[in-house]
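Student: I have a model open and want to learn to read its features. Where do we begin?

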Amino acid sequence: MKKVFISMLVSSTIVSVSQAQINYPQTKKTDKVDSYFETKVSDPYRWLEDDRSLETADWVKAQNQVTFGYLATIPFRDAIKQRMEKLWNYEKVSAPFKEGKYTYYYKNNGLQNQSVLYRKDASGNEELFLDPNTFSKDATTSLADISFSKDGSLCAYSISEAGSDWRKVIFINAETKQSIGDKLIDVKFSGLSWKANEGVYYSSYDKPKGSELSAKTDRHKLYFHKLGTNQSEDILVFGDKEKRRYVGGTVSEDNHYLFISAANSTSGNELYLKDLTQPNSEIKSIHSGFEYDVDVLDSKGSKLFIVTNYKAPNKRVVTVDVANPSPVNWKDCIAETDQVLSPSTGAGFIFANYMKDAVSVVKQFDYNGKLVREIQLPGLGTASGFSGKSEDEALYFSFTNYVTPNTTYKFLPLEGKSSIYVQPKVDFISENYISKQVFYTSKDGTKVPMIITYKKGTELTAKNPTILYAYGGFNVSLTPSFSIANAVWLEMGGIYAVANLRGGGEYGKKWHDAGTKMQKQNVFDDFIAAAEYLIAEKYTSSDYLAIKGGSNGGLLVGATMTQRPDLMKVALPAVGVMDMLRYHTFTAGAGWAYDYGTADDSKAMFEYIKGYSPVHNVKSGVKYPATLVTTGDHDDRVVPAHSFKFAAELQAKQSGVNPVLIRIETNAGHGAGKPVSKTIEEAADLQAFTLYNMGVKSLPMK
């Protein structure tokens, strides 16, 4: 008989666990004080920002020793990990893509730490192309990006070491898979776009003088690397005159144009073009200013297709001739609707992927903006893909939701027919679970959507262990997707809820802006209201509720647990932005100011930010929820000092017996490229910690 976990989570006999006294490592305090508009702010743990010091390394080691010692005492920790490994162990195959005479695709046999890139020739013969599992002994070096020349004969790929955003780029002959000698280093936040077979455009910052993992990097530049030359000879294309924090270059499919996007924040950008058919052509402005998002979708001869939220908060597709590309000449190709648009192109068509209450609706248009059809999807969930080269005869898309593993479909654009291409064989019975979308009311009366997923037949007893997850920022939309970790949680009888807070992109620019700067509190209020809804409707109660989020979502958890520590039993902030007074002084953090503002902007902005900054709002004598902070020692997106300081404050000021621990993954960054083994271990630890602190003592099996 197949072994499965029996849910002990709804049992009325659950009692709270009395935690033994934890001897936290002593965290030194200093008398460091900063002044903001004549207000003094102490920063006693500033020394933890030095990621190169032995003192910080010793602190990390000591904290991990306590944390992993605690986790090791949880009796069902290994059982959760074993079930997660078993469920994770199925073959995963990506949608294929054609380059030259080969068809490429990624494949993972189940528990491989990194997915492997394979290819097939016209006869269907399969061969391994790149195996990132061989890049390093511990599998912490990952394949970050790959780009082929227009004829598919050459390949450039970037690698990330220990999860860092800094990349190395390697060039190979795609036919022989042998190195051609060219290499690039110190590349960051960059695509790789080929100009014919001549070379690639890429972006990077000057290497910082201090720590490459934490020092400020805020002047991005676009370069052209010509094959057969040294990187020192690369041509600076853009970024030498005015400072821009984010710069990217993309060559059109016909090799006619170079499109350049330049921005100082994560929202709004300038757009330029350069005619590559004319030697020494000037860079020409398409759109200036940073108030709107403007990107080239495609080009046909001299006609550009641009996707923008200029005069269209939910985005539209416009056309314009390259001779006069300024916004005054833009004409609608696909007009704005009530739903947020994310378009793609392939096989000679435009595919408009709309979000309707965070669920996908896809429509196919021709290049004249005429509707061809609405594409029938397998159900309510997230569809992605529908992209390829103009000459492709078939395209591929994936479909998933919270109970449906990611399935790849083959789509024939001329016929409008879809068929399953790859359906994973996962040991999870989707039909036993339900996802329900609700709309709850936030503090100011705003209606906010949330999807709640759980096992059919679950009784609303207020004693269901529940994870509430959200993000709420940077125009990021949380759409339904399947997760092995969440599947294990559901199998054990847990409830998983995802709230689509303001600050995200689910309802366009207005929804995003409503959760930025001095409206950031709306995001926390939306999250608090989501928790209160789950409690009021008897899905769970404060004793059985965990809140979870990562990066900006880590800030969300930190702010919520310091504002309403009574609301949840467990808090799981991951790689969070916790010191809001100093976030903009690290790496590329200054580019987040569109969402946050900075403490240097004005006295009012400083006071507002300090009012919710998690590090600055931990108070002595308060009983905070059981907390497991997670971060990576090589995170150079949100530096781990944010999490270090927050954990130190909590440990120093926590009242009561709830544990406050920090789990610091070594040789890991913000999350991308993390080996499967590390991902499983962390997910199992989070769930074990959560259940243990909700009072679950064991998970019997049958």
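Tutor: Begin with pairing: two strands pair if DSSP finds at least two bridges between them. Helices (H or I, at least four residues) and strands (E, at least two) are DSSP runs, numbered from the N terminus. This is a predicted model, where local features need pLDDT of at least 70, side-chain atom pairs count only at pLDDT 80 or more, and totals for chains, interfaces and linings use all residues. Residues are numbered from 1 along each chain as its sequence is written, and side-chain values use heavy atoms, with hydrogens and water left out.

Student: How far does the predictor trust the chain?

Tutor: pLDDT is the predictor's confidence in each residue, from 0 to 100. Where it is low, the predicted coordinates should not be read in detail. Here the chain average is 94, and 96% of the residues score at least 70. Residues 1–19 stay under 50. For that stretch the model has 52 contacts beyond four places in sequence, a contact being heavy atoms within 4.5 Å.

Student: In what order do the strands β28 to β31 lie in their sheet?

Tutor: The order is β28-β29-β30-β31, in an open, antiparallel sheet of four strands. β28 (382–385) and β31 (417–422) each have a single partner strand, so one side of each edge strand lacks a neighbour in the sheet. Neighbouring strands are turned by 35° against each other on average, direction ignored. Those axes are lines fitted to C-alpha atoms, for helices over the stretch in contact, and angles run from 0 to 180 degrees between N-to-C directions.

Student: How many bridges join β29 to β30?

Tutor: Six, between residues 395–401 and residues 404–412.

Student: What should I look for in a turn?

Tutor: Check phi. Most residues other than glycine have a negative phi, and most peptide bonds are trans. β16 and β17 form a hairpin with five residues between them, and N255 in the turn has a positive phi of about 65°. E38 has a positive phi too, near 70°. E38 sits in the loop between β1 and β2.

Student: Is E38 buried or exposed?

Tutor: Buried means under 20% relative accessible area, exposed over 50%, partly exposed in between (1.4 Å probe, protein chains only). E38 has 76% relative accessibility, so E38 counts as exposed. K177 has a positive phi near 65°. K177 lies in the loop between β10 (166–173) and β11 (179–188), and is partly exposed at 30%.

Student: How do I read one face of a helix?

Tutor: An α-helix has 3.6 residues a turn, so residues three or four places apart point the same way. In α8 (603–612), M605, F606, I609 and Y612 are buried. Seen down the axis, the buried residues of α8 fall within an arc of 145°, so they line one face. The arc is that of the directions from the helix axis to the C-beta atoms. Among the elements covering these residues are β1 (33–36), β2 (39–42) and α5 (521–536).
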